[in-house]
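Hi everyone, thanks for having me. Please take a look at the structure on the screen, and then we'll walk through it together.

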Amino acid sequence: FCSEMYLYIVFLSFVCSLCIIFVNAFYTVNINLSENDPDNDGSSGLDGEIPEFFGTFSSLRWLKLHGNRLQGEIPASLSDLSSLVRLTFHNNRLQGEVPSGFCDENIPTNTRSSIKNLTADCGGDPREIECSCCTLCVVETVPALPSRSDGT
């Protein structure tokens, strides 16, 4: 049974890889997963980390993730997408820095993002995100994560 399951998983991985190659070759990709917490109270919306696989969509032009409950750091692989022009992260629970590939003018333009609209929670004190090249810095408006009953 385990070997059959392994073969099935390998087959699915192969099919998914082919789908990504097909999409990248023939389509411009715009992903809008924004405003999934319309009341901005932290009770709904996407949560978890931003998936690394978004960085595999070489034809990705827009990635809108604002207004959710996303956590963790922004994947550095997103800054390698030279076709990316709009990226919105504000009103989430992200932390850290916007990857340097978005802001570093020393990186050749054909290998770094040509971002024209970059928003993050880099306003306020303390800042949730450090960003030296954001076109809009928003003050965090998503409530903090509730603490667990065991004190952690």
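I'll talk about a sheet and then a nonpolar core.

This is a predicted model, where local features need pLDDT of at least 70, side-chain atom pairs count only at pLDDT 80 or more, and totals for chains, interfaces and linings use all residues. Residues are numbered from 1 along each chain as its sequence is written, and side-chain values use heavy atoms, leaving out hydrogens and water.

Let's start with the sheet. Helices (H or I, at least four residues) and strands (E, at least two) are DSSP runs, numbered from the N terminus, and two strands pair if DSSP finds at least two bridges between them. Here, three strands form an open sheet in the order β2-β4-β6, with parallel pairing. At the edges sit β2 (47–49) and β6 (93–94), each pairing on one side only. β2 is joined to β4 (residues 69–72) by three bridges, with Glu 49 opposite Gln 71. Between β4 and β6 there are two bridges, and Gly 72 has Leu 94 as its bridge partner.

Now the core: buried (under 20% relative accessible area, 1.4 Å probe, protein chains only) Ala, Val, Leu, Ile, Met, Phe, Trp, Tyr and Cys residues joined through side-chain atoms within 4.5 Å. Which residues touch the most other members of the largest one? They are Leu 63, Phe 89, Phe 102 and Leu 118, out of 26 residues.

Key
Buried < 20%, exposed > 50% of the residue type's maximum accessible area, 1.4 Å probe, protein only.
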